[in-house]
Amino acid sequence: MMNWRSKKWNMDMREYQQRSRMRNGKFYLIYVILLVAQIVLSGLLDFTQLFTPALLPAMILCVPLAVGTPVTLVIAFVSGFLVDFFSGGVLGLTCTALLPAALMKNIFLRICFDNDTYSRMNDLSVKKLGLGRILSCAFMMTALFMVIYVNWCAHLYYIRVCHQN
């Protein structure tokens, strides 16, 4: 026989799942808007191939932890491919730089937050976790992304120059 506590718990659980679905829906809508902004910025701010506005690592950092690493890697790959394809960049360059950053996401989160906080974390919240820690984690992901991106840009430039001679 169910008592009023189990009914209340079931109602709370259903309400929590509904709110979680609504939050995830909002997240993906914001993610798509920021992805379009990244594509537009990459196309407009094309002064040099070594300078690129990098919103993608911070966007990958904000992917909910419940999604899991394999799905996060797929999201990173598709996002990087779309940015390369629509901004006219070297196809695969952003993917190559973004995948290691997405793979290291959980490690960076564990570095910035202690294990207790990390185990309780559902998603990144500035109110709960603090702006400084989230920014430091975003900085580490962006730094890894930029090191790989610039390294491959220099490598591709070197290959292009060598083959012209």
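Modeller: A remark on conventions comes first. This is a predicted model, in which local features need pLDDT of at least 70 and side-chain atom pairs count only at pLDDT 80 or more, while totals for chains, interfaces and linings use all residues. Residues are numbered from 1 along each chain as its sequence is written, and side-chain values use heavy atoms, with hydrogens and water left out.

Biologist: How many helices and strands does the chain have?

Modeller: Helices (H or I, at least four residues) and strands (E, at least two) are taken as DSSP runs, numbered from the N terminus. From that terminus, the elements run α-α-α-α-α-α-α-α. The count is therefore eight helices and zero strands.

Biologist: What share of the contacts with a separation of 6 or more joins residues 24 or more positions apart?

Modeller: A contact requires heavy atoms within 4.5 Å. On that criterion, the share for residues 24 or more positions apart is 66%.

Biologist: Which type of pair do the rings of Phe 85 and Phe 86 form?

Modeller: Rings of Phe, Tyr and Trp (its six-membered ring) pair if their centres lie within 6.5 Å; planes under 30 degrees apart are stacked, over 60 edge-to-face, and the rest tilted. The structure holds six aromatic pairs. For Phe 85 and Phe 86, the centres are 5.1 Å apart and the planes stand at 85°, so the pair is edge-to-face.

Biologist: Are Phe 145 and Tyr 149, the partners of another pair, buried or exposed?

Modeller: Their ring centres lie 5.7 Å apart with planes at 25°, so this pair is stacked. Both belong to helix H8 (residues 131-164), and because they are four residues apart, about one helical turn separates them. Buried means under 20% relative accessible area, exposed over 50%, and partly exposed in between (1.4 Å probe, protein chains only). With Phe 145 at 3% and Tyr 149 at 9%, each counts as buried.

Biologist: How many disulfides does a search of the whole structure find?

Modeller: A disulfide is a pair of cysteine sulfur atoms within 2.5 Å. Cys 112, buried at 14% relative accessibility, has its closest cysteine sulfur in Cys 137, at 3.9 Å, which is too far for a bond. Over the whole structure, the number of disulfides found is zero.
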